[in-house]
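Here is a briefing on one protein chain. Look over the sequence and the model first, then read the notes below.

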Amino acid sequence: MTSFYDFLQAWPRELRAEIAERATGEQVLAALQKDVLRPEDFMALLSPAAEPYLEQMAQRSHELTLRYFGRAVNIFSPLYISDICTNHCRYCGFNADNHQKRRHLSVDEAAAEAFALADAGIGHVLLLTGDARHIASPQYIAEVASRIKPRFASVSVEVYALTLDEYRLLIENGVDSITMFQETYEQELYEWLHPSGPKHDYRWRLDTPARAAEAGMHGVGIGALIGLDDFVQDAFCTGLHAAWLQKNFPGTDIGLSVPRMCPHVGSFEVKHAIDDRKFIQYIAALRCFLPRCAITVSSRESAFMRDHAVPIGVTRVSAGVSTAVGGRVTDAANSGQFDISDPRSVPEMVRDLAAIGYQAVVKDWEAI
């Protein structure tokens, strides 16, 4: 099987930019009439030519979301269990150069935090760590997952890139899904943003979703961190990556996240921030190109934005969120990875989704 890295070489940056620049309104309208879109159609929907047709895109995205997902929205909650990190990512609050208090939960402490989420009604939990193998080892993550699995329908992880055998270890201990952000698909920029640490290896990171799928993960989620590079470039590569994964791993549930840069500890200039209209354009374009993919909008976005994005194409949201390690049952010593914009609890999220005509789902699948 050709790797996604090799596949992406057929879509160099210059070609992507040229296709976006050449896109016309007629191509946008034609794409909205198709049931199956080509990558060129997807690029047209991301391009400046699509901006006057945002309402038509939103309507088409809404129709496709209702067709494949109905009015159900899955709720999950992230659980940070360790923020000790050896990477020096220029944009991240966990950057090893940031001299803040760090925290690593014991297995017992992590379980206590997770059970507090279960008591609050969460059925899908996402475990997160920094990149410090000597502390938050794969064995540690597996032990936490094994301990908490009986209380949850689904245990997912968003941790550093693992090997095939390490993903199999997690699966054996109750983990069923992973999320792995590429951050940016532009290799030179990626390597500058990650100057040192294990995450510096662009190719290893890029191949990670495929390794997880090959290991047998039920679900694999990907995304670029919008604001690091030109929006059209990273948005297109994200969709292309998801389509490649769907084709090569048809038994895996491929999902998408659309995070925008948020304030965090440290300083980083966001050179490619996008406004709310462009953000909605991104969601609608993804839905039209990948109608069966789950789309997640996290608490990086405001309650107002998330409530308006759900009818357009969002099928997963977080609730009861804290980006600090601990804080529910154990003490939280740190300030969190980034600032959240939507602090709603699980009951508040359920209520607000119902108010706009959607059903909150805290359990939408469970391993046999």
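**Strand S3 and its neighbours**

Strand S2 (residues 124-129) and S3 pair in the parallel sense over five bridges. Pairing requires at least two DSSP bridges between two strands. Helices (H or I, at least four residues) and strands (E, at least two) are DSSP runs, numbered from the N terminus. The model is predicted: local features need pLDDT of at least 70, side-chain atom pairs count only at pLDDT 80 or more, and totals for chains, interfaces and linings use all residues. Residues are numbered from 1 along each chain as its sequence is written, and side-chain values use heavy atoms, with hydrogens and water left out.

**S2 to S3**
- Val125 stands opposite Val155 in S3.
- From S2 the chain passes through helix H7 (residues 138-148) to S3, a right-handed β-α-β crossover.
- Right-handed means that, with the strands pointing away from the viewer, the path from the first strand over the helix to the second runs clockwise.

**S3 to S4**
- S3 also pairs with strand S4 (residues 175-183), in the parallel sense, over three bridges.
- Here Val157 stands opposite Ile178 in S4.

**Burial of S3**
- S3 spans residues 154-158, and five of its five residues are buried.
- Buried means under 20% relative accessible area, exposed over 50%, and partly exposed in between (1.4 Å probe, protein chains only).
- Ser154, Ser156 and Glu158 point one way from S3, while Val155 and Val157 point the other way.
- Both sets are buried.

**Whole chain**
- The protein chain holds 15 helices and nine strands.
- Its C-alpha trace spans about 60 × 45 × 40 Å along the principal axes.
- Of the 368 residues, 58% count as buried.
- Among contacts (heavy atoms within 4.5 Å) between residues at least 6 apart in sequence, 76% join residues at least 24 apart.

**Ser302**
- Ser302 sits in the loop between strand S7 (294-297) and helix H14 (303-309).
- Ser302 counts as partly exposed because its relative accessible area is 28%.
- Ser302 touches Ser341 and Asp342, leaving aside residues up to four places away in sequence.
- Ser302 and Pro343 lie 41 residues apart in sequence and 8.6 Å apart in space, C-alpha to C-alpha.
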